[in-house]
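Subject: Structure handover

Hello,

Here is the structure I said I would pass on. My notes on it follow below.

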Amino acid sequence: MIEAVGLKKYFPVSTGFAIGPSASVKALDGVSMKVGAGETLGIVGESGSGKTTLAKIILLLERPTAGSLRFDGKEVTAFTRDDLARYRRSVQAVFQDPYSSLNPRMRVEHIVSEPLPRDGGLSRAEKSDRVREVLQLVGLRRDSAGLYPHEFSGGQRQRIAIARALVTYPKFIVLDEPVSALDVSIRAQILNLLKGLQEKLGLAYVIISHDLAAARYLATRLAVMYAGKLVETGECDAVYAEPLHPYTEALLSAALPLHPSARRQRIVLRGEVPNPVKPPAGCRFHPRCPKAMERCETEEPAAREIKPGRVTACHLY
C-alpha cells in the first residue's frame with residue numbers, strides 16, 4: 001500500500017566555526033520500508049533516530065530531500081490534484097497527546113468532521129450522521145458530539161482523535177505514540193480498540209512508539225531505527241525472540257519481560273547517540289557497539305536478508 005525507497009531528509013542548520021560552512025542534520029539517511037493492506041509496521045528506536053520525521057514524510061508534512069514515496073504503486077510526486085485529495089482521505093494520523101491535539105474551543109462534532117472535504121457532496125445532516133457513526137465505532141455515545149474536549153477524560157479524548165482519523169474512511173493510519181500520554185490503566189483499552197478497528201475495517205497501521213510492549217502487541221512487523229537508518233526489520237515476534245543486530249539486542253534488553261519471573265541480561269551501551277550533523281563513518285552504531293570490528297569504522301554495512309523475512313544491516317552477517 002505504501003512504499004518508501006531510499007528516503008533521505010536533511011535539515012539545514014546555521015553555520016558556525018565548529019560546524020563548518022555547510023551542514024545539515026541527517027534525520028533520515030536512506031530509509032526503505034513498505035506496509036501492505038491490513039498490516040501493522042512498528043517503528044522503534046531512541047529519541048532522535050528519525051521515527052517522527054519518517055511519519056511526517058508519509059503524512060506529506062515534510063518533503064524528502066531524496067528518495068521516493070509510493071502509494072498504491074504510484075509515485076507521490078506524480079500525484080494529480082485528485083490523487084492528492086484521495087491520498088489525504090486514505091492516510092490519516094492519530095497524535096501523541098490528546099490534550100493538545102484537540103481544539104478546546106470546538107465541539108466534538110466539528111473536531112471529528114474537520115477532515116471531511118468541504119466539496120465532497122455531503123450535506124450537513126450526512127456529515128453529522130457520519131460523525132455520530134464513528135463516535136459509536138470508537139466506544140463513545142452518539143450524543144457526545146455536542147460536548148467540548150474538556151468534558152472528557154484522557155482516554156476518551158484519544159478515542160475522539162481516533163474517530164477523527166476514521167471519519168474519511170481511511171485505509172492507512174499513522175499512530176504517533178498513541179498511548180504514551182495516557183494512564184497505564186487506559187493504554188490497554190486504546191490498544192485493544194485499535195486492534196479491533198483494524199480487524200473490522202481492514203486498516204493498515206504504522207505505529208511509532210518508545211513503548212516496546214505496545215509496539216509488540218499491535219505490530220505484525222517491526223522496524224528498528226538508529227541515527228536515521230533502519231538497522232533491522234522482520235516479523236515482530238521473531239525480532240523479539242531473536243534480535244540479529246547488536247543495537248536491537250540492546251534495545252530489547254531494556255524492555256520489561258513478558259512475565260515477572262523472567263530474567264533478561266541487561267546490555268548497557270557506552271557513549272552517546274551520534275551527532276546527526278556529523279555522524280560517524282562506517283556503521284553509525286560502531287562507537288557504542290560491543291561487537292564492533294575494524295571494518296565497522298570505515299565501511300557502512302548494507303542491508304541484507306539474513307533469514308526469510310529478516311533484514312539487518314550489520315557486518316556480523
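**Thr 312 and its surroundings**

The side chain of Thr 312 has a polar atom 2.8 Å from the backbone oxygen of Val 231. Please keep in mind that this is a predicted model. Thr 312 belongs to strand E12, which covers residues 310-312. The relative accessible area of Thr 312 is 2%, and a residue counts as buried under 20%, so Thr 312 is buried. Leaving aside residues up to four places away in sequence, Thr 312 touches Val 231, Glu 232, Leu 244, His 245, Ala 302, Ala 303, Arg 304, Ile 306 and Tyr 317.

**Aromatic pairs**

How many aromatic pairs does the structure hold? There are 5 aromatic pairs. One of them is formed by Phe 71 and Tyr 87, with 5.0 Å from centre to centre and 80 degrees between the planes, an edge-to-face arrangement. Phe 71 sits in strand E4 (residues 66-71) and Tyr 87 in helix H2 (residues 81-90), so that the pair links distant parts of the chain, 16 residues apart. Phe 71 and Tyr 87 are both buried. Together with Phe 79, these two residues make up one aromatic cluster.

Why is the pair of Tyr 226 and Tyr 247 tilted? The ring centres of Tyr 226 and Tyr 247 are 4.7 Å apart and the planes are at 50 degrees. Planes under 30 degrees apart would count as stacked and those over 60 as edge-to-face, so the pair of Tyr 226 and Tyr 247 is tilted. Tyr 226 is buried at a relative accessible area of 2%, and Tyr 247 is buried at 1%.

**Helix H9**

Tyr 247 is one of the buried residues of H9. The helix is mostly covered, with 7 of its 8 residues buried. These are Pro 246, Tyr 247, Thr 248, Ala 250, Leu 251, Leu 252 and Ser 253. Among the elements that cover them are strand E3 (40-44), helix H7 (212-218), E9, E10 and helix H8 (236-241).

**Helix H4**

Helix H4 (residues 124-137) has 14 residues and spans 20 Å from its first C-alpha to its last, close to the 20 Å expected at 1.5 Å a residue. Which residues of H4 are buried? They are Ser 128, Arg 130, Val 131, Val 134 and Leu 135. The arc they cover around the axis is only 160 degrees, so they lie on the same side of H4. An α-helix has 3.6 residues a turn, so residues three or four places apart point the same way. Helix H3 (108-113) and helix H5 (154-166) are among the elements that cover the buried residues of H4. After H4 comes Gly 139, with a positive phi near 90 degrees.

**Charges over rings**

Arg 130, one of the buried residues of H4, has its charged end over the ring of Tyr 169, 3.5 Å from the ring centre. Elsewhere, Lys 9 lies over the face of Phe 11, at 5.1 Å from the ring centre.

Most residues other than glycine have a negative phi. Asp 72 has a positive phi near 50 degrees. Asp 72 lies in the loop between E4 and strand E5 (74-75). Its relative accessible area is 41%, so Asp 72 is partly exposed.

Ala 227 is not a glycine either, and has a positive phi of about 50 degrees. The loop that holds Ala 227 runs between E9 and strand E10 (229-235). Is Ala 227 buried or exposed? Its relative accessibility is 13%, so Ala 227 counts as buried.

**Asp 97**

Asp 97 is located in the loop between strand E6 (91-94) and H3. With a relative accessibility of 28%, Asp 97 counts as partly exposed. Asp 97 and Asp 176 are 79 residues apart in sequence, and their C-alpha atoms are 9.2 Å apart in space.

Regards

Conventions:
Residues numbered from 1 in each chain as written. Predicted model: local features only at pLDDT ≥ 70, side-chain atom pairs only at ≥ 80, totals over all residues. Heavy atoms only, no water. Phe/Tyr/Trp six-rings, centres within 6.5 Å; stacked < 30°, edge-to-face > 60°. Helix = DSSP H or I, 4+ residues; strand = E, 2+ residues; numbered from the N terminus. Buried < 20%, exposed > 50% of the residue type's maximum accessible area, 1.4 Å probe, protein only. Lys NZ or Arg CZ within 6 Å of the ring centre and 35° of its normal. Expected span 1.5 Å × (residues − 1). Arc of directions from axis to C-beta. Contact = heavy atoms within 4.5 Å. Polar contact = N/O pair within 3.5 Å; in protein donor to acceptor, adjacent residues only side chain to side chain.
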